[in-house]
Amino acid sequence: MKTKKKELPKVLVVDDDAEMVYLAQYLLEQCGYQSDTAMDVQAFKKAYAQPQNVVMLDLTMPNGASEAICNIMVEQRAKHPIVFMT
C-alpha cells in the first residue's frame, strides 16, 4: 500500500530587502511551509509560474514593482490569498 505524502503549503515571498526575504523564508519554513522568494518582477514571474498557495508582497518596492506584480496577479485572476506587507 502506497502512502500519499502530504505536500506542504507553498508561500511566495516577494520583497526587495534581502534581509526581510531571508527572515520571512526562515520563519515560514520553521512553521512547516515551503517557500519561494523573489526580489523583483522578473524573479516573481519565474517563481509565480509554479503553483503557490499564498503570496506575501511588499507594498513599497521601488520603480512600481509592487503595482506591476499586483497587475500580473489580477490579469491571471489569482484565487489564492495575498498578504501585503511593508
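Predicted model: local features only at pLDDT ≥ 70, side-chain atom pairs only at ≥ 80, totals over all residues.
Biologist: What percentage of the residues is buried?

Modeller: Buried means under 20% relative accessible area. Of the 86 residues in the protein, 34% are buried.

Biologist: What does the C-alpha trace span along its principal axes?

Modeller: The spans are about 55 × 30 × 20 Å.

Biologist: Now the elements. How many helices and strands are there, and in what order do they run?

Modeller: Count three helices and four strands. Start at the N terminus and read β-α-β-α-β-α-β.

Biologist: In what order do the strands lie in the sheet?

Modeller: The order in a sheet is read from strand to paired strand. Here the sheet is open, and its four strands lie as β2-β1-β3-β4. The pairing is parallel. β2 (34-38) and β4 (82-85) are the edge strands, each pairing on one side only. On average, neighbouring strands are turned by 20° against each other, direction ignored.

Biologist: How many bridges join β1 to β2?

Modeller: Five bridges join them, and the two strands run parallel. Strand β1 covers residues 10-14. Take Val14 as a case: its bridge partner in β2 is Ala38.

Biologist: Which strands does helix α1 touch?

Modeller: Helix α1, residues 18-30, packs on the sheet and touches β1, β2 and β3 (54-58). Its direction makes about 170° with that of β2. Helix α3, residues 65-75, also packs on the sheet. Helix α3 touches β1, β3 and β4. The direction of α3 makes about 155° with that of β3.

Biologist: What share of the contacts joins residues 24 or more positions apart?

Modeller: Consider contacts with a separation of 6 or more. Residues 24 or more positions apart account for 68% of them.

Biologist: How far apart are the mean positions of the positive and negative charges?

Modeller: The protein has 9 positive and 11 negative charges. Their mean positions are 18 Å apart.

Biologist: Let us turn to the backbone. What is the phi of Asn63, and where does Asn63 lie?

Modeller: Asn63 has a positive phi of about 60°, although it is not a glycine. Asn63 lies in the loop between β3 and α3. Its relative accessible area is 83%, so Asn63 is exposed.

Biologist: What is the phi of Arg77?

Modeller: Arg77 has a positive phi of about 55°, and it is not a glycine. Look for Arg77 in the loop between α3 and β4.

Biologist: Is Arg77 buried or exposed?

Modeller: Exposed means over 50% relative accessible area. Arg77 has 66% relative accessibility, so Arg77 counts as exposed.

Note on methods:
Residues numbered from 1 in each chain as written. Heavy atoms only, no water. Buried < 20%, exposed > 50% of the residue type's maximum accessible area, 1.4 Å probe, protein only. Contact = heavy atoms within 4.5 Å. Lys, Arg positive; Asp, Glu negative; His and termini not counted. Charge placed at Lys NZ, Arg CZ, Asp CG, Glu CD. Pairing = 2+ DSSP bridges. Axes fitted to C-alpha atoms, helices over the stretch in contact; angles between N-to-C directions.
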